[in-house]
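Student: I should like to work through a structural model with you, one point at a time. May we begin with the packing of a helix?

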Amino acid sequence: MDARQERGMAIAAMTKIEQVPMGWKVPSSSGKGSYVVKVDGVKFCTCPDFEERRQPCKHIWAVEYVIQRETKADGSTTYTEAVRVTYGQTWHNYNLAQTHEAEHFSELLHNLCEGIPQPIQEGKGRKAHLLSDVVFAATSKVYSTISARRHMSTIVEEKEAGNLEKKVSYNSTFDYLNTPELTPLLKSLIEETAKPLAAVESDFAVDSSGFTSSVYKRWFDHKWGKEKKEAKWVKVHLMTGVKTNVVTSVEVTPTETADAPFLPGLVNTTAETFQIQEVSADKAYSSRRNLQAIAAVGATSYIPFKAGTNGIGNTPDPLWRKMWHFYNYNRPTFLQHYHKRSNVESTMSMIKAKFGGRVRSKTPTAQVNEV
């Protein structure tokens with residue numbers, strides 16, 4: 001395989017090549033314009049390289065690869081179009097779920113918090129709140145989407161219902177949300193809530209999203225001669241099952257972070273409970289380290305490759321090369337698995353539809369715990 005064949009393979013993998021009345025329309029690798037290619041009979045391309053050499057250029061090779069990729073065993077060529085699928089709503093069950101959601105939430109949260117061990121208190125000071133009460137109050141407050149002060153009436157009701165041993169004041173809620181030690185506990189509770197679905201979920205998807213805050217960073221822009229501001233935001237990285245949309249593992253950072261480094265941790269945490277068969281993610285997660293992490297738990301990765309990557313090299317990674325060729329030469333099969341990734345976007349959308357895309361807390365630690 002010469003250099004033009006390799007570049008043609010990359011063009012076929014990373015760009016949209018479509019049939020036109022004159023032949024095939026292939027985008028220029030420079031990003032400016034496109035070329036017309038004919039491969040029936042005498043091969044021809046309108047690019048300068050073909051005009052100079054009169055030999056197959058990378059654009060001709062790209063079209064050859066596209067045709068090869070989409071040709072059936074009987075020799076016929078097919079081109080598929082997306083079909084929009086709609087689903088009906090079971091309104092009776094939907095209404096039951098909505099009207100009884102709050103009471104079930106309190107019951108389930110109480111049962112979950114009962115398993116939180118109480119740390120031994122040292123010293124003779126005032127007896128601290130039970131950690132289970134603190135987590136219940138903070139989670140209930142975030143679930144309500146109202147301020148901690150307005151939520152105090154709900155805290156009184158939960159105390160009367162037996163879900164709290166003592167009332168937790170709004171100041172105590174603020175203090176505990178701002179405690180770094182609370183973060184791993186909250187993460188473990190999220191993982192605990194996913195465990196009942198271990199027999200259901202085997203395919204998972206990963207993505208990230210941001211939550212804005214009411215805290216702004218300000219600077220003076222000398223170019224425009226005025227002060228500018230931008231809201232700070234928190235980033236959440238999570239893995240979700242594609243059947244039930246349950247969140248199986250999560251990482252939250254108080255600042256903007258890259259996506260790819262978080263995938264191995266999310267995969268390993270999920271693998272502690274679930275038997276993972278597939279992991280799908282967008283190309284932001286495309287790296288050798290991530291492919292290896294997914295393979296290490298016995299799963300198959302469905303992650304597209306970034307522009308400019310290839311399966312050729314002086315010391316190619318065998319797994320990287322295998323998945324690169326699968327991505328390029330079995331594209332329809334790859335996409336059938338990869339498009340399960342849309343479920344993690346649905347999960348993010350549902351979370352923000354319920355709780356909004358903004359956090360109320362002011363400090364970085366509290367913002368992480370709130371998310």
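This is a predicted model: local features need pLDDT of at least 70, side-chain atom pairs count only at pLDDT 80 or more; totals for chains, interfaces and linings use all residues.

Student: Which residues of helix 9 are buried?

Tutor: Buried means under 20% relative accessible area. In helix 9, the buried residues are Leu182, Leu185, Leu186, Leu189 and Ala194.

Student: How far apart are the end C-alpha atoms of helix 9?

Tutor: Helix 9 has 13 residues, 182–194, so at 1.5 Å a residue it should span 18 Å.

Student: Which side chain of opposite charge is nearest to Asp317?

Tutor: Asp317 sits in the loop between strand 9 (300–302) and helix 12 (318–329). It is buried but has no salt bridge, and a polar atom of its side chain lies 2.9 Å from the backbone nitrogen of Trp320. Beyond neighbours within four places in sequence, Asp317 contacts Gln292 and Arg288. The nearest side chain of opposite charge, at 5.3 Å, is that of Arg288.

Student: How many disulfides does the count come to?

Tutor: A disulfide requires two cysteine sulfur atoms within 2.5 Å. The count comes to 0 disulfides: Cys45, whose nearest cysteine sulfur is that of Cys47 at 3.5 Å, is in none. The sulfur of Cys57 is 3.6 Å from its closest cysteine sulfur, in Cys47, and therefore too far for a bond.

Definitions and conventions:
Residues are numbered from 1 along each chain as its sequence is written. Side-chain values use heavy atoms; hydrogens and water are left out. Helices (H or I, at least four residues) and strands (E, at least two) are DSSP runs, numbered from the N terminus. Buried means under 20% relative accessible area, exposed over 50%, partly exposed in between (1.4 Å probe, protein chains only). Lys and Arg count as positive and Asp and Glu as negative; His and the chain ends are not counted. A salt bridge is a side-chain nitrogen of Lys or Arg within 4 Å of a carboxyl oxygen of Asp or Glu. A polar contact is a pair of N or O atoms within 3.5 Å; within protein, one must be able to donate a hydrogen and the other to accept it, and residues adjacent in sequence count only if both atoms are side-chain atoms. Contact means heavy atoms within 4.5 Å. The expected span of a helix is 1.5 Å times one less than its number of residues.
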